[in-house]
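Have a look at the sequence and the model first.

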Amino acid sequence: MSVENIQCPVCQSGSKPAKAASLLNIVKDDLKHLILDESYFFCCNSNCEVIFYSEDYEKTFLLEDIKLTAEMPETSGCGCNSKKDGCNKGCCSK
Ligand SMILES: [Zn+2]
């Protein structure tokens, strides 16, 4: 399955691969047990409530599921780096 074919289950936007280790840093503590060592993808649409989801769409994590103070690493794949004021995913704070 190629990455290009993975689309956000909610907004159908493109996605970028994410590492489970990266997700553990941003997801709320009580949801960490849901993150397994499998493939995840970030939704590239900063207006979408979905932050990331598992490759099989079994699990989706929404804006409300991550720590508001979390800073995504630059390699997280969030595509909103160019609009720091408009990003609502908490990944573009300075
Ligand atoms: Zn989306």
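How many bridges join strand β2 to β3, and do they run parallel or antiparallel? There are 3 bridges between β2 (residues 40-43) and β3, and the two strands run antiparallel. Two strands count as paired if DSSP finds at least two bridges between them.

Before going on, a quick word on what you're looking at. This is a predicted model, where local features need pLDDT of at least 70 and side-chain atom pairs count only at pLDDT 80 or more, while totals for chains, interfaces and linings use all residues. Residues are numbered from 1 along each chain as its sequence is written.

**The overall layout**

The protein has 1 helix and 4 strands, in the order β-α-β-β-β along the sequence. Helices (H or I, at least four residues) and strands (E, at least two) are DSSP runs, numbered from the N terminus. Of the 94 residues, 23% count as buried. Buried means that 20 or more other C-beta atoms lie within 10 Å of a residue's own; exposed means 12 or fewer, partly exposed is in between, and the C-beta atoms are placed from the backbone.

**Around β3**

Strand β3 has a partner in β2 and another in β4. Here are the two pairings side by side:

Why is β3 (residues 50-54) described as largely enclosed by the rest of the structure? Because 4 of its 5 residues are buried.

**A glycine before β1**

Gly14 is found in the segment before β1. Gly14 is partly exposed, because 17 other C-beta atoms lie within 10 Å. Leaving out residues up to four places away in sequence, Gly14 touches Gln7 and Cys44; contact means C-beta atoms, placed from the backbone, within 7 Å. Gly14 and Cys44 are 30 residues apart along the chain, yet their C-alpha atoms are separated by 5.8 Å.

The protein averages a pLDDT of 80, and 69% of the residues score at least 70. That score is the predictor's confidence in each residue, from 0 to 100. Over residues 81-86, pLDDT stays under 50. Where pLDDT is low, the predicted coordinates should not be read in detail.

Methods: Two residues are in contact if their C-beta atoms, placed from the backbone, lie within 7 Å.
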